[in-house]
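Work through the exercises below with the structure open beside you. Try each task before reading its solution.

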Amino acid sequence: MECIQIQGGNKLSGEVDIQGSKNAALPIMAACILVQGIVVLENCPRILDVEFMCRILRSVGVWVKWEKNVLVLDARQITESRLPREYVTRMRSSVMVAGAMLGRCREITFHYPGGCVIGDRPIDLHVKALKQLGAVFTESDDMLYAHAERLTGCRISLPFPSVGATENTVLAAVLAEGVTEIYGCAREPEIEAMCGFLNCAGAKIKGIGSSHITVEGVKQLHGCTWKVASDRIVAGTYLISTLAAGGDVYLKHAPVGQMESVLSLARVMGAGLICDNEGIRIVQSGLLTAPDSLNTGVYPAFPTDLQSILLAALCRADKDSSLTERIFNGRFGVAEELNRMGARIRVENNTAYVTGKRQLHGCNVTAQELRGGAALVLAGVMASGYTQVYNRHFIDRGYEDIVRDFKSLGVSIGSKEEFQTDERRKS
Ligand code: UD1
């Protein structure tokens, strides 16, 4: 189903069970390359990016099997050190496999990684840190070959708290000789999750969750069972959707402790929030109160991955507002499509100026990347009339089933056939 159809304009009501975290599952899957034993990953999201990572892992010899949302991996036999171009160029987090492969096999050949079209995404910080540990890189055409006689612990200072570079450095350091001190680490909860998993498999990592991580190299990791936490970005998507469309929604298993910036923004915007041990209830009626201005930033600031979704919501707020993107340049691509639906968004450099109180109207729009795609679905939910969002595959990279989830909140949404059957049933 490449196109999502939505009859918008209604409030949301119901419950969504929040899926496992994409950005935690992917580096943990890469980390499995380091493990000489069987790993059982529970609550793994069944999304396209995880599927791509399964294929990359299989291509180097990892045995991978799904049992519903449990992923079983066995990396005892690594047979290949060259990654398949097809998946690597599609998915940025494939770069994480580099650190793990260097750690385990001391060599890897891969193409420059791809991923969502959200601006420049170089890998210089990854390469620099891996070189400091002892890796030697050779470049030819668009391929990178890296090998290391040995990896030796050292002091590494990241000039910017890059999530991926922090993860990659930890992965390469786990089986290195001696102690690696990493300064300037990113502190995203997904890094904590990956380090927690590695310690569960026998690694010796300290300073987890801080900007200074210490990795004491060990000889070998052993198999273990790990539960992937819920996805704070997916939870944030449905939370912001409820703010924008209004209604009464319960986000079951939302990772409340990781969502402080989003929850405090929701309070400023007028939402009623009740957090309990199991999740978050959001009650929203009336117009949203727009914050005067807002920036994205590194954790714990407001996440860049929710910026597009918030952009769509702000079109319905009580006044004009601005939103500044501080992590990725070029992440306002969705503004043009939102404007076609009646939004008035002007982008200047890395700031979007959003006119409030706009009534969006349904039309045909096209997703260009994952979070922008989800923002278009939200726009369709808020809009009057009928919307078709093309290029669903981008959204499926990070959402298990956005149609299923919005349906459970009472939205008329589906594939063409599903949608028509639903509408006929109602009339
Ligand atoms: C991860 C997340 C992504 C999220 C992002 C920021 C995964 C799989 N993806 O991406 O969803 O949006 O964190 O929270 O976890 N940079 C460099 N050189 C490098 C590496 C990064 O200049 O070598 C720059 C990037 O271009 C970007 C910024 O650093 O401007 C942040 O990137 P980074 O934190 O590395 O994000 P990712 O790990 O790619």
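**Exercise 1. Charges over rings**

Task: In this predicted model, find the ring face that Arg 155 lies over, then find the ring under the charged end of Arg 46.

Solution. 
- Step 1. Start at Arg 155. This residue lies over the face of Tyr 183, 4.2 Å from the ring centre.
- Step 2. Go to Arg 46. Its charged end sits over the ring of Trp 66, at 4.0 Å from the centre.
- Step 3. Check the cut-off. A charge counts as over a ring only if CZ of Arg is within 6 Å of the ring centre and within 35 degrees of the ring normal.

**Exercise 2. The ligand and its surroundings**

Task: How many residues surround the ligand, and which are the closest?

Solution. 
- Step 1. Count the neighbours. The ligand is surrounded by 20 residues.
- Step 2. Pick out the closest. They are Asp 124, Leu 125, Ser 162, Asp 305 and Ile 327.
- Step 3. Look for backbone partners. A backbone N or O atom of Leu 125 is 2.8 Å from a ligand oxygen. A polar backbone atom of Val 163 also lies 2.8 Å from an oxygen atom of the ligand.
- Step 4. Look for a side-chain partner. In Asp 305, a side-chain N or O atom is 2.6 Å from an oxygen atom of the ligand.

**Exercise 3. Asp 305 and its loop**

Task: Where is Asp 305 found, and is it buried or exposed?

Solution. 
- Step 1. Asp 305 is in the loop between strand E17 (293-295) and helix H10 (307-314).
- Step 2. Read the accessibility. The relative value is 15%, so Asp 305 counts as buried. The cut-off for buried is under 20%.
- Step 3. Find its protein partner. The Asp 305 side chain makes a polar contact with the side chain of Arg 331, at 2.9 Å.
- Step 4. The peptide bond from Tyr 299 to Pro 300 is cis, with omega near 15°. Most peptide bonds are trans.

**Exercise 4. An aromatic pair**

Task: Which geometry does the pair of Tyr 238 and Phe 406 have?

Solution. 
- Step 1. Searching the whole structure gives three aromatic pairs.
- Step 2. Read the geometry. Tyr 238 and Phe 406 are 5.3 Å apart, centre to centre, with 80° between the planes; the pair is edge-to-face.
- Step 3. Tyr 238 belongs to helix H8 (residues 232-245) and Phe 406 to helix H14 (residues 402-407), so the pair ties together parts 168 residues apart in sequence.
- Step 4. Check burial. Tyr 238 and Phe 406 are both buried.

**Exercise 5. An open sheet**

Task: In what order do the four strands of the open sheet stand?

Solution. 
- Step 1. Read the order. It is E21-E22-E1-E23, with mixed pairing.
- Step 2. Find the edges. E21 (364-366) and E23 (412-414) each have a single partner strand, so one side of each lacks a neighbour in the sheet.
- Step 3. Note the twist. From one strand to the next, it averages 15°.
- Step 4. Inspect one pairing. E1 (residues 4-7) and E22 (residues 386-390) are antiparallel over four bridges. Ile 4 stands opposite Val 389 in E22.

Note on methods: Residues numbered from 1 in each chain as written. Predicted model: local features only at pLDDT ≥ 70, side-chain atom pairs only at ≥ 80, totals over all residues. Heavy atoms only, no water. Pairing = 2+ DSSP bridges. Helix = DSSP H or I, 4+ residues; strand = E, 2+ residues; numbered from the N terminus. Axes fitted to C-alpha atoms, helices over the stretch in contact; angles between N-to-C directions. Phe/Tyr/Trp six-rings, centres within 6.5 Å; stacked < 30°, edge-to-face > 60°. Buried < 20%, exposed > 50% of the residue type's maximum accessible area, 1.4 Å probe, protein only. Near = heavy atom within 4 Å. Polar contact = N/O pair within 3.5 Å; in protein donor to acceptor, adjacent residues only side chain to side chain.
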